[in-house]
Amino acid sequence: MKPRLARLRRSGLPYLLLLPALLLELLVHLVPMAIGIVMSFKELTRFYIGNWGAAPGKGLGNYRITVDLDAPAGAALLHSFLVTCAFTVLTVGLCWLLGTAAAIFLQENFRGRGLLRAVFLTPYALPVYAAVITWAFLFQRDNGLVNHVLHDQLQLTDERPFWLLGGNSFVALVVVAVWKTWPFAFLIVMAALQNIPKDLYEAAALDGAGVRQQIRRITLPSLRPINQVLVLVLFLWTFNDFNTPYVLFGKAAPEAADLISIHIYQSSFVTWNFGTGSAMSVLLLLFLLVVTAGYLLATSRGRKHTDG
């Protein structure tokens, strides 16, 4: 009896240790997610905020509104989705490229390497709100440093452009997002490079391989497992990014920078149509789940094919 009890305690200890994290995950994420799904099936407007449980049911009506591309709400959501896709592709690609290039460059020993590492990680260490507010001042049309350099000093523009309005707002959003996110990619890749044996580079150098060949034949293949996870994390962070556009533009983002996170916020908290906003959130969740599952399936097959 005692050996069986001892085995039960040993086997149940991991689950007991995971229980606090599971309960917190349930309270912080799963319960609000379930409430949001229920709200998406209700006609929840400002008249039912005080008692949202009394809101009449709407069935799939909110979902029909959001996916009807001929209606204004559906067309606006599609535009926001396409803007978010373009923003995510550019941001993730540039973050990965800058982070990988900087990490490879700082692998060599030279004077000032530690200082450069600290400088590169500064954007990631700064509070998001403080960093984005600073960029909002830099992008001011009349008093911003960006226009002062581009227009006044370098004279690259005929007039001072608006960076927080119109089409340039998308460029400003990508710049700020890349600036504050790429140090994370740099940190992850730099840590992964420590696990690549130096003997591989020495052997390749003896065989006459140059720096480019070493990066292409040794570094990038060795970083493939880390890059697969890194790209997925960057994709999820960037596609769901709310803080950057909200702090940079406020409650009403320009049309060119209307990310889907801001669009859902406006549909819920500006127009007070929480039912439609919840339906948009559920559709976004399903999209991210499908993309994540497809990405993991494709990468796992790629690993099996490579190992085979």
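Tutor: Let's begin with the second largest pocket, which has a volume of about 440 Å³, and please keep in mind that this is a predicted model.

Student: Okay, which residues lie nearest the centre of that second largest pocket?

Tutor: Ile-104, Gln-107, Glu-108, Lys-198 and Tyr-201 lie nearest its centre, and they belong to a lining of 16 residues.

Student: And which helices supply at least two residues of that lining?

Tutor: Each of α3 (72–105), α4 (113–125), α8 (198–206) and α9 (211–239) supplies at least two residues of the lining of the second largest pocket, and the largest share, four residues, comes from α9.

Student: What is that lining like by class?

Tutor: Sorted by class, the lining of the second largest pocket has seven nonpolar, five polar and four charged residues.

Student: Now the largest pocket, how much space lies in that one?

Tutor: The largest pocket holds about 780 Å³ of space, and it is lined by 24 residues, of which Asn-240, Ile-264, Ser-281, Val-282 and Leu-284 are the closest to its centre.

Student: Which helix gives the most to the lining there?

Tutor: That is α1, with nine residues in the lining of the largest pocket, while the helices that each supply at least two residues are α1 (2–39), α11 (260–270) and α12 (274–307).

Student: And how does the lining of the largest pocket divide?

Tutor: It divides into 15 nonpolar residues, eight polar ones and one charged one.

Student: Switching topic, how do α4 and α7 pack?

Tutor: The angle between α4 and α7 is about 130°, and their axes are 6 Å apart.

Student: Is the crossing left-handed or right-handed, and which residues make the contact?

Tutor: The crossing of α4 past α7 is left-handed. On the α4 side the contact is made by Arg-117, Phe-120, Leu-121, Pro-123 and Tyr-124, and on the α7 side by Trp-179, Lys-180, Trp-182, Pro-183, Phe-184, Phe-186, Leu-187 and Met-190. By class, this contact of α4 with α7 has 11 nonpolar, no polar and two charged residues.

Student: What about α5 and α7, at what angle do they pack?

Tutor: Helix α5 (residues 128–138) and helix α7 (residues 168–193) pack at about 140°, with axes 11 Å apart, and that angle makes α5 oblique to α7. The crossing of α5 and α7 is right-handed.

Student: Which residues meet there?

Tutor: From α5, Val-128, Ala-131, Val-132 and Trp-135 meet Val-175, Val-176, Trp-179 and Lys-180 of α7. By class, the contact of α5 with α7 has seven nonpolar residues, no polar ones and one charged residue.

Technical notes
Residues numbered from 1 in each chain as written. Predicted model: local features only at pLDDT ≥ 70, side-chain atom pairs only at ≥ 80, totals over all residues. Heavy atoms only, no water. Axes fitted to C-alpha atoms, helices over the stretch in contact; angles between N-to-C directions. Parallel < 35°, antiparallel > 145°, perpendicular 65-115°, else oblique. Left-handed = near helix turned anticlockwise from the far one by under 90°. Contact = heavy atoms within 4.5 Å. Nonpolar A, V, L, I, M, F, W, Y, C, P; charged D, E, K, R; others polar. 1 Å grid on protein atoms, 1.4 Å probe; cavity = no way out; pocket = protein on both sides within 12 Å on 5 of 7 lines; lining within 4 Å. Points joined across faces, edges and corners; volume = space filled by probe spheres on them.
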